[in-house]
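I opened this notebook page to record what I looked up, in the order in which I looked.

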Amino acid sequence: MGASASKRLEAWRRHGGGDFESVLSSGAYALVDARWIVKCARKGGVLKHRQALGKEAFISSASLICPWGSLPVVVLSCPWLTKDHPDPDGTQLRRVAKALESLLTHSPYKRLAVFWDYLSLHQHPDPANGGMRTEAEDALFKQGLDCLGTLYSHRYTTVLRLTTFPDGHKAENQPEGSNVAAYFDRGWCFTESCMASLTKDDKRSLDLGRMRDDTGYDYQALKAVCAQGGCRRPPLLPSQFAAELESKTFANGTDDMPLVTRLYEGAFMEQIGKATMLCYSSLGWGDAEAAQLAEVITSGAAPMLEELHLDGNEIGDEGYKALAAAIRKDGAAPRLSLVSVDSKPAELVAACEDRGILL
C-alpha cells in the first residue's frame, strides 16, 4: 500500500469508516459513485437494480478522501414510487442528482460514495415475471438490511431525505400494490429519518423536499435550506419510536416492523450511548423538542455526553425547565461539562452551577 493510500485509509478509519468495512467486503451492500449518478441523470436515464449495474457505477472506500470530521458517504432515504421500482421515470434520480452535484462541486469532497437501496442492495431482478434473487443474493440482502442502522445513524455520514413526491405524482395513479403513503407515514422512511436524527450535527441530515426545482444551490445554500427549522426531530427513546411506528405503513404489511424496531433500538443504544458531543444548533427547535431531548438525557442513555449544543433554536422557559430537570437528575449525563444555549434562565443556570457545568 502506497503512502497516499495508507493516509486515506487512516483518515477513513479515524472518521468511523471501519464500521462499514466488513459489510462492504462481504458484498452485502455496495456504495455507488455520486459522479455516476449525476451522469446518469444528465443523460435522462432510469435507475437499474444493483445486479444490472456495471463496475463503473460503484466506488471503493480506498478511492475516498475524508475531509476533517466527516466521511464522504451519503445515505439516501427515498420513498419508492412503485412496489417494484423506486423511480420508474427518473424524476427522483434527477432531484437527488441535483443535490449530489451541489455537494460535489462546492465542498471539500473530491468524490462521494452513495448508499441508495435499489442500487446498493441485491434486488429481485424482475419480480413481476418471477425473476427473484438467488439464494446467495438473498442472504447478502438480509445481511445488508441488518447493517442499515449504522449507515443511517452514523455520526459522520450525511443522510439526504427525499420527503416530497415529484410534481404530478398522484396516489390514485400508482400501480396496484404501491405504498402511496407520504414520506413520514411510511415505516421505512420514518425509521431512516429517526435514525438520522440521533447524533448527527445540524448539517448532516438534510431534507431535499425543501429544494426548489427552479433554484440552483451551491454547497452552503443546499445545507442551509435543507437543514431549516422544523425539518428534523429530536431523538426518540426506543419505546417512543415503537409506539409511533404502529401508525406507519409498510409495502410488505407489518412483516418489516420487528426488523425496523430492532434496527432503531440498536442504532439508538450505539450512537447515543457513545456520543461525547451532541450538536443540535439552528434546527428551529422549541419547547416541545427541548422537552423530548430532556427525556432522552433523563433516561441515562447518554453516559458519555460531555457537550450539548442547542444555540440558534427557539427554546423558551418550559423547554429550559425540562433541560434543567434533566441536568439535575442523578446519573443523567454524568460527564456533561458544557451546555451551549442562547438564553440563560435562572433555573438552567442554577442546575448547571450545581453540577459545575459551563453554560
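Which helices each supply at least two residues of the lining of the largest pocket? I found helix H6 (135-146), helix H7 (148-153) and helix H8 (187-196); helices are DSSP runs of H or I, at least four residues, numbered from the N terminus.

I noted that the model is predicted, that local features need pLDDT of at least 70 and side-chain atom pairs pLDDT 80 or more, and that totals for chains, interfaces and linings use all residues. Residues are numbered from 1 along each chain as its sequence is written, and side-chain values use heavy atoms, without hydrogens and water.

**Pocket.** I read a lining of 31 residues, with Trp80, Trp188, Ala251, Asn252 and Asp256 nearest the centre of the largest pocket. On a 1 Å grid over the protein atoms alone, a pocket is an open set of points where a 1.4 Å probe fits, with protein on both sides within 12 Å along at least five of seven lines; lining residues have an atom within 4 Å of a point.

**Core.** I looked up the largest nonpolar core, which has 70 residues; Phe115, Tyr280 and Leu310 have the most contacts inside it. Such a core joins buried Ala, Val, Leu, Ile, Met, Phe, Trp, Tyr and Cys residues through side-chain atoms within 4.5 Å, buried being under 20% relative accessible area (1.4 Å probe, protein chains only). Helix H11 (residues 257-274) gives the most to this core, 8 residues.

**Domains.** I recorded domain 1 (5-274) and domain 2 (287-355), with bounds from an automatic or database domain assignment. Their centres, taken over C-alpha atoms, are 31 Å apart.

Conventions:
Buried means under 20% relative accessible area, exposed over 50%, partly exposed in between (1.4 Å probe, protein chains only).
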